[in-house]
Amino acid sequence: TKLYGESDEATKPQQLGLLTFDLDDTLYPIDVVMSEANGAFARAMERFGYEGIEASDIDKTGKKIRLEEMDPEEAAGTTHSGIRELAIRRELEKA
């Protein structure tokens, strides 16, 4: 029985060109990582005088930007990092 990706010639190795993962907890628990990163960011910004930013604020603002302020095509073409940067900027402007 041949495995997926096996060539007819058992001795000929297959070459992997690209392997990707989305951020759905495939490699690590993304929610935990993002929550910790947002918490660390909020604490760091507090030291610079930006008080009142909570880790959850960044997440909530990012969701609002993606769901309420972007059309679906724009949201699909924007990276998670891009939306997070917009959310952080907005939270810093409010603080």
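How many residues does helix α2 have, and what distance does α2 reach from its first C-alpha to its last? In this predicted model, α2 comprises 15 residues, spanning positions 55–69. The first and last C-alpha atoms of α2 lie 21 Å from each other, close to the 21 Å expected at 1.5 Å a residue. The chain that contains this helix has 4 helices and 0 strands, arranged along the sequence in the pattern α-α-α-α. Of its 95 residues, 21% are buried. Among contacts between residues at least 6 apart in sequence, 49% join residues at least 24 apart.

The buried residues of α2 are Ile58, Thr61, Gly62 and Ile65. These residues lie on the same side of α2, because the arc they cover around the axis is only 100°. The face turned away from this buried side carries the exposed residues Lys60, Leu67 and Glu68. The packing partners of the buried residues of α2 are α1 (30–47) and α4 (80–94).

Helix α4 also has 15 residues, which should span 21 Å at 1.5 Å a residue; the end C-alpha atoms of α4 are 21 Å apart, so the two values agree. Gly82, Ile83, Ala87, Ile88 and Glu91 are the buried residues of α4, and the elements covering them include α1 and α2. Glu93 is likewise placed in α4. With a relative accessible area of 61%, which is over the 50% cut-off, Glu93 is exposed. The C-alpha atom of Glu93 is 9.0 Å from that of Tyr50, although the two residues are 43 residues apart along the chain.

Two packed helices are described by the angle between their axes and the distance between the axes. For α1 and α2, the angle is about 115° and the axes are 7 Å apart. This crossing is right-handed. Ser35, Asn38, Gly39, Phe41 and Ala42 of α1 make the contact with Ala55, Ile58 and Asp59 of α2.

The axes of α2 and α4 cross at roughly 115° and come within 8 Å. Here too the crossing is right-handed. On the α2 side, the contact is made by Asp57, Ile58, Thr61, Gly62, Ile65, Arg66 and Glu69. On the α4 side, Ile83, Arg84, Leu86, Ala87, Ile88, Arg90, Glu91 and Lys94 take part. The α2 residues in this contact include Ile58, Thr61, Gly62 and Ile65, which are the buried residues of that helix. Ile58 of α2 also belongs to the contact with α1.

The remaining pair described here is α1 and α4. These helices pack at an angle of about 30°, with their axes 13 Å apart. Angles under 35 degrees count as roughly parallel, and α1 and α4 are therefore roughly parallel to each other. Helix α1 passes α4 in a right-handed crossing. The α1 residues in the contact are Met34, Ala37, Asn38, Phe41 and Met45, and those of α4 are His80, Arg84, Ile88 and Leu92. Asn38 and Phe41 of α1 take part in this contact and also in the contact with α2. Within α4, Arg84 and Ile88 contribute to the contact with α1 and to the contact with α2.

Notes:
Residues are numbered from 1 along each chain as its sequence is written. This is a predicted model: local features need pLDDT of at least 70, side-chain atom pairs count only at pLDDT 80 or more; totals for chains, interfaces and linings use all residues. Side-chain values use heavy atoms; hydrogens and water are left out. Helices (H or I, at least four residues) and strands (E, at least two) are DSSP runs, numbered from the N terminus. The expected span of a helix is 1.5 Å times one less than its number of residues. Buried means under 20% relative accessible area, exposed over 50%, partly exposed in between (1.4 Å probe, protein chains only). The arc is that of the directions from the helix axis to the C-beta atoms. Contact means heavy atoms within 4.5 Å. Axes are lines fitted to C-alpha atoms, for helices over the stretch in contact, and angles run from 0 to 180 degrees between N-to-C directions. Angles under 35 degrees count as roughly parallel, over 145 as roughly antiparallel, 65 to 115 as roughly perpendicular and the rest as oblique. A crossing is left-handed if the near helix is turned anticlockwise from the far one by less than a right angle, and right-handed if clockwise.
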